[in-house]
Amino acid sequence: MGNDPKSEDIQKFYEDKRIPLVGQMTSYDQQKKYTKRPLCVVYYDVDFGFEQRKATQFWRQKVLEVANDHRDITFAIASESDFENELKEFGLDDSGEEINVGCFDDKNRKYRMEPDDEFDEDSLREFVENFKNGNIEAIVKSQPAPKKNTGPVTVVVGNTFEEIVMDPKKDVLIELYAPWCGHCKALEPVYKKLGKHFKDQPNIVIAKMDATANDVPPEYAAEGFPTIYFAPANNKRNPIKYDDGERELKDLVKFIEEKATVSLTKAKEEL
């Protein structure tokens with residue numbers, strides 16, 4: 001009686017068996033079965049109809065051989081036509097290859113296997129092992145960095161997020177906005193005044209980023225627009241979300257002054 005399975009063991013067994021070692025991910029079941037990370041997806045013309053079944057199973061078998069040796073990763077095959085947007089995010093929409101591969105790590109960052117007209121079990125295995133060992137750089141969706149970035153509000157893009165927002169010497173307030181967002185447009189003049197208010201503070205940065213066109217780390221996810229985070233110099237992986245409601249200048253100034261971890265020089269009185 002002492003060896004009865006625990007409820008969490010039963011749940012884990014169920015989760016492990018609910019998803020095949022290499023199943024077909026569809027737009028219908030993606031959010032039901034394939035949210036666990038890390039996840040590697042092999043995209044091609046998946047079709048289990050009579051005419052294409054043999055070709056579909058041929059490639060799936062290649063994936064199975066690799067998946068069997070890497071059971072800490074969820075593997076799936078998926079039809080290219082169902083996941084055109086996902087392929088575009090991987091930069092694989094115009095690869096021209098019959099088979100494309102993309103992986104998501106445990107922080108949902110994206111990694112792609114460079115298109116290869118010689119795709120086989122060995123090339124997939126090499127890619128997966130490099131992915132697991134951290135030998136591949138994540139893909140970051142990014143607008144071009146502005147040539148001039150000297151205004152009161154610093155413009156951040158995906159490729160400069162690490163350099164600007166994650167700078168360990170500076171406290172950074174980052175607004176994540178969408179170009180079509182009315183609340184963001186209403187905030188813009190206030191936010192510009194906020195940048196001017198702190199322009200003489202060398203270790204305070206007031207920044208903004210179009211979160212519809214640039215990737216952000218998962219800790220800085222935008223759940224709506226605008227989303228504002230304070231990134232302390234000494235704790236970048238735990239940003240503080242601005243949830244105080246009012247977005248007037250005095251409220252934002254007070255928030256920064258209360259959360260600041262860098263020394264502030266005396267600011268001008270302009271409130």
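Asn108 sits in the loop between strand 4 and strand 5, where helices (H or I, at least four residues) and strands (E, at least two) are DSSP runs numbered from the N terminus. The model is predicted, so local features need pLDDT of at least 70 and side-chain atom pairs count only at pLDDT 80 or more, while totals for chains, interfaces and linings use all residues. Residues are numbered from 1 along each chain as its sequence is written, and side-chain values use heavy atoms, with hydrogens and water left out.

Although Asn108 is not a glycine, its phi is positive, at about 70°. Most residues other than glycine have a negative phi, and most peptide bonds are trans. With a relative accessibility of 41%, Asn108 counts as partly exposed; buried means under 20% relative accessible area, exposed over 50%, and partly exposed in between (1.4 Å probe, protein chains only). Lys107 lies in the loop between strand 4 and strand 5 (110–112) and is partly exposed because its relative accessibility is 39%. Between Lys107 and Asn234 there are 127 residues in sequence and 21 Å in space, C-alpha to C-alpha.

Two cis peptide bonds can also be located in the backbone. One joins Arg37 and Pro38, with omega about 0°, and Pro38 belongs to the loop between helix 2 (30–33) and strand 2. Another joins Phe225 and Pro226, with omega about -10°, and Pro226 is found in the loop between strand 8 and strand 9.

How do the helices pack? The axes of helix 3 (residues 53–67) and helix 5 (residues 121–132) come within 9 Å and cross at roughly 40°. Here, axes are lines fitted to C-alpha atoms, for helices over the stretch in contact, and angles run from 0 to 180 degrees between N-to-C directions. Helix 3 is therefore oblique to helix 5, given that angles under 35 degrees count as roughly parallel, over 145 as roughly antiparallel, 65 to 115 as roughly perpendicular and the rest as oblique. Helix 3 contributes Lys62, Val63, Glu65 and Val66 to the contact, and helix 5 contributes Glu121, Leu124, Arg125 and Val128; contact means heavy atoms within 4.5 Å.

Leaving aside residues up to four places away in sequence, Leu124 touches Lys62, Val63, Val66, Val101, Met113 and Phe119.

Leu249 is one of the buried residues of helix 8 (residues 249–259), together with Asp251, Leu252, Val253, Phe255 and Ile256. Their cover includes strand 7 (171–177), helix 7 (182–197), strand 8 (204–210), strand 9 (227–231) and strand 10 (240–241). Lys259, also in helix 8, is partly exposed because its relative accessibility is 33%. Lys259 touches Phe230 and Ile240, not counting residues up to four places away in sequence.
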